[in-house]
Amino acid sequence: MQMYKIVSRTEPGGETYSIGIGCTKGILVIHMQIKWLDGVRVYGLFLVLGYHLFYRWFPGGFLGVDIFFTISGFLITVNIIEEIQKKNNFSLHKFLKRRFLRIMVPLFYAVIFTLPLLILVPPDISVGIAKQTIATLTLTTNWFEIFSGNSYESRLIPSIYLHTWSLAVSMQFYIIWGIICAFVMRLMKFIISAKLSERFAFFKWAILIISVISALMSFLYMQFLFTNGVMTDTIYFNTFARFFPFAFGSMAAAVIALRSSACNNKRTIRNTGNKASIIAVICICVISASVILYGATQYAFSDALMHRYGFLFAALLTAVLILLTNYLSRATPLYIKEPRPIKALAGMSFNIYLYHWPFYIIFSALIFEHMQVAVLTLAVTLFFSALMYYRVDKVKIFERKNILGKFVAGAVIISMVLGGTAVYRAPAITSIEADFIANYVNHDVEHVFYMTQKLLSDNAPSIIVSSEVDIGIEEAAAKELPKEQPLKKVEPPIEETPPDKPDPTEGIPLDDVPYTYDNITIIGDSVLLGAQSAIMELLPNSTVNASIGRSVKDGLALLIEMQELNELGEYIVVAFGTNGTKHYESLFTKMIEAVNPGQKLILVTPFDGRDNANAQETKEITAWMRTLPEIYDFITIADWSETIGSQVKLLAVDKVHLRGQDAANLYADCIMAALENADT
C-alpha cells in the first residue's frame, strides 16, 4: 500500500531526488525532493561566485564548495538507500557509471567549448594546458595540483580548469563511498537473514555510524597535516582531508532515514507543521546561513582559523540546513513552492560552476578593469549555462531528426580542432619566465665581464689572443717552437703622474648634470628582476640582487647578511611585497632597524592588479609603506603602485610582472626619481 505519491526529478550534472516521504509495504520510503534544498545549493553557488569574481567582499567564499560537498554527500547517500529499499540490492558498477556520466558529460562539453578560447588570449595562459586538460578529463585535478606543487590562490598564471579539483574530489568520494556501501550491503545480507525491514534498519544504522567515524577521522587528519606544517594548498586538495563534508551530508541522510524505521498504514508521515515551529525553523536557517556568510566575508584562505574550524562549521551548518529544510518541506503546504528563479539557478548551478572560471580567466587576460571582467563573466556564464541546460542537457539532441543535435555535433568538431590548435601552440614556459631566464643570463654575463675588467685593471698579466688559434692541430704541432732565451733582468717601470682628465660635465648647466650614484644596492623579487637590465643601464655602477619568489622574510635575511658583510651601499633600495606575508610590518621594521646611520633606505611599493588574496595583502603593504617617511627621515618611497596604476596595460598577463622594455624603463625611472628625492 502506497500512501504518498512520489514524483522524481533528475538534475543534469546533479543528483536524482524526488518529492515526499511515503510508505510502501510497511517500509519507510525516503524517495524525496526536499523543497527548499535548492535554496541551499544556490547559496553555495553565490559564495563561490563571490569568491572568484568579488574577492575583496568574499575572501572566504570558497566555503561554498564545502556546501556543495555536504549536499552531494546527502543526495548520494539518499540515492543509495533508495536503491537498496526498492531492489534489496546495490549495484556498485551501475552506481559509479551513473555518477561518472553525470559529471563527465557536462564536463566534456565545458572543456570542448572553452579550450578554443585560449587562441584569443596571450600564449602565457595556455602554458601546461595539455597536462591540465588530461588531469581535468581524468578527474584527477586535485592530485595533479598537489604533485605539481601549485598554490590554490597565488600563482603566476592560473589554470582555466583549476576549479575542477572539486569535481575530482567528488568523484573520488563516490568511488570510496560506493565501495563502503556495497560492503555494508553484503555484510547485511550475510548477518541478517530475517525481514527486509530489519535488514534495511541495519543498513541505515551502519551508514550513520560509518559517516560519523569517517567525518571524525577525516577532520582529525586535516588537523594533523595542518599542525605538522604541511602546506595549506596540499591539505585543501587532499581527498581524505576533504572527506568530512561529504560524511556530514551522509549523516543527514541517515538521520532522515532513521526518523521512522516503519510507518503506520493508518496515517501518512507528511503533516503540516504549526506556524510557530515553521517560523522558529526559518530563523535557525537564517542564523546558520549567516554564520557561514560571516566566515566567507571575514576570513581568508591564509587564516589558520579557517583550517582549524572554518571548513568544519561550514559542513556542519550545511547538514543542519539540510535537516531543517527537510522539516520545512514536510511542514509547509504543497501549494507553497520555491521561487522559479531559485529553481532555475539550482538547475543550472553545475553548468554555471563549470563555465564561470574559464570565462573569468579569459576575460581577465583581455580586459584590465576588474569590475568589467566580473560583470561580463556573469552575463556570458548565465547565458551559456542556460543554453546548455535547457537546449543540450535536457533534450535528446543527437536524435536523427534533431537539427540542434547536428549543430552541436558540428560545434564540437570545430571546437576540438581549435582546441587542439590551442594546445599545440602552447609555449613550454611563460614569457615572464623567459624574461627571468634572460635577466639571469645577462646578470651572469655582466658579472663575468666586470670581474675580467677588474683583473685586467689590477696589473694582471696581459691576456694575448693569438691569431693562430684557428689553425689545425697538426699545423700547430708542426710549427717550430721558439728557442729558449736567457732570462733578462726586468726593471720596474717608472711611475709617471697621469695628466688630469677633463671633467665630462664641464660646461653643462647644473640642472642638466645627470646623477651618478656609485654606491647603490638594490635587492628585490621577480618584479625587480624584470627591470634589472633597464636599471643597470640607468645606474651602471649599482648592485642589483633580484630573485624569483623572494618574500619579505627572504629579503630581510638577505639584507642582514649583506650588512654584516659590509656589502650594502649608502643607498639601499628594497623592492618586496609581491610575494606577500601576514607579518610584513614586523619584517619591514627589522629591515629598517638593520640600516646603519648614514645609509638611506628607498622602499619600492608593490603592485598587484588582480582581485585575489595576494592583491589584498599587497595593497595593505603599500598603504603601510607610505606612512613610513613621516616616521623615519632616512626613508624615501619609490611609489611603483601609483606609477603603474594608470598604465596597467604595460604589465604582463598576470597583472603583476613587467612586460617589455617600456615597463622595465618605467620601473627604473621610478627608482631613479626616488633616489633623487632622497638627496633633497
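Colleague: At what angle do the axes of helix α3 and helix α12 cross?
Modeller: In this predicted model, local features need pLDDT of at least 70 and side-chain atom pairs count only at pLDDT 80 or more, while totals for chains, interfaces and linings use all residues. Residues are numbered from 1 along each chain as its sequence is written, and side-chain values use heavy atoms, without hydrogens and water. The axes (lines fitted to C-alpha atoms over the stretch in contact, with angles from 0 to 180 degrees between N-to-C directions) of α3, residues 92-114, and α12, residues 340-366, cross at roughly 30° and come within 10 Å. That makes α3 roughly parallel (under 35 degrees) to α12. Helices are DSSP runs of H or I, at least four residues, numbered from the N terminus.
Colleague: Which residues of α12 does α3 meet?
Modeller: They are F350, N351, L354, Y355 and P358. On the α3 side, the residues in contact (heavy atoms within 4.5 Å) include R102, I103, Y109 and F113.
Colleague: Changing topic, how many salt bridges are there?
Modeller: The whole structure has 5 (Lys or Arg side-chain nitrogen within 4 Å of an Asp or Glu carboxyl oxygen). One pairs R242 with D66, whose closest N and O atoms are 3.2 Å apart.
Colleague: What does that pair tie together?
Modeller: R242 lies in the loop between α8 (232-237) and α9 (244-258), and D66 in helix α2 (residues 63-87), so the pair links parts 176 residues apart in sequence.

Conventions:
Helix = DSSP H or I, 4+ residues; strand = E, 2+ residues; numbered from the N terminus. Parallel < 35°, antiparallel > 145°, perpendicular 65-115°, else oblique.
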